[in-house]
Amino acid sequence: MKTELEKMLSGEISRAGDPEIHEIRIRGQRWLSKFNQSEFTADTERRELCEQLFGHFGKGSIVCSPFTCELGQFIEIGEKCYINFNVTILDLHRVSIEDHVMIAPNVHIYTATHSLDHSKRLDWEVIAKPVTLKRHAWIGGGAVICPGVTIGERSVVGAGAVVTRDVPDDCVVAGNPARVIRKLNQHELQASL
């Protein structure tokens, strides 16, 4: 029989208030609190805190504070990523941020959703799906990335967009719900290499 954590990480209905999950939450919140209270100029200390908080923290990456997440250990951040102020990641499933991703201020990334049945929400019943931001993606300010979404390589999510489905490589998406506005042209793609 699967634990609630195993169910959560396999995308099945689970109870996020489970004691094992709650212990992970407490651990993550301790590291998160220390991170958010650290001096921005304390590079070595902040890097060490990120290495404790996240499942992986790549070389040359920067996370600005305040930053918010729930568990921390299911977030993997690649090399040379930049995560700006006030980013929130609800990480009840894996969040993979590949190399060279830029995330603007006030972006929200959600892996979890709840039942429409209010009685099931009373037990913290959730369904979680992973989110992936592929290499060189750029997420504009105030954008919302919904559960189960993958943002393609080099793609750009416009400010304020609500992304409810996968974004192909080399696209610009915007709106609510976000839709492809155009493909990146050859000149734009060459500039990003």
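Figure 1. Strand β15, which covers residues 144-145, pairs with β18 in the parallel sense. Two bridges make up the pairing of β15 with β18.

**Figure 2. The open five-stranded sheet.** Strands β4, β7, β10, β15 and β18 form an open sheet in the order β4-β7-β10-β15-β18, and their pairing is parallel. At its edges stand β4 (67-69) and β18 (162-163), each of which pairs on one side only. Strands of a sheet pair through backbone hydrogen bonds, in either the parallel or the antiparallel sense. The pair formed by β15 and β18, joined over two bridges, belongs to the parallel kind.

Figure 3. Residues 171-175 form strand β19 and residues 178-183 form strand β20; the two strands pair in the antiparallel sense. Five bridges connect β19 with β20. Within this pairing, Val173 has Val180 of β20 as its bridge partner. A hairpin of two residues leads from β19 to β20.

**Figure 4. The second largest pocket and its lining.** The second largest pocket holds about 200 Å³ of space. Helix α3 provides the largest share, with four residues. The lining consists of Phe35, Phe40, Asp43, Arg46, Arg47, Cys50, Phe57, Ser61, Ile62 and Val63. Sorted by class, six of the lining residues are nonpolar, one is polar and three are charged. Among the charged residues of the lining are Asp43 and Arg46, whereas Phe35 and Val63 are among the nonpolar ones.

**Figure 5. The whole predicted chain, as context for the close-up views.** Five helices and 20 strands make up the secondary structure of the protein. Its radius of gyration is 17 Å, close to the 16 Å that the globule rule gives for 193 residues, so the protein is as compact as a globular protein of that length. The C-alpha trace spans about 50 × 40 × 25 Å along the principal axes. Of the 193 residues, 44% count as buried. Among contacts between residues at least 6 apart in sequence, 28% join residues at least 24 apart.

Conventions: Residues are numbered from 1 along each chain as its sequence is written. This is a predicted model: local features need pLDDT of at least 70, side-chain atom pairs count only at pLDDT 80 or more; totals for chains, interfaces and linings use all residues. Side-chain values use heavy atoms; hydrogens and water are left out. On a 1 Å grid over the protein atoms alone, a cavity is a set of points where a 1.4 Å probe fits but cannot get out, and a pocket is an open set with protein on both sides within 12 Å along at least five of seven lines; lining residues have an atom within 4 Å of a point. Grid points are joined across faces, edges and corners, and a volume is the space filled by probe spheres set on the points. Two strands pair if DSSP finds at least two bridges between them. The radius of gyration is taken over C-alpha atoms; the globule rule is 2.2 Å times the number of residues to the power 0.38. Buried means under 20% relative accessible area, exposed over 50%, partly exposed in between (1.4 Å probe, protein chains only). Contact means heavy atoms within 4.5 Å.
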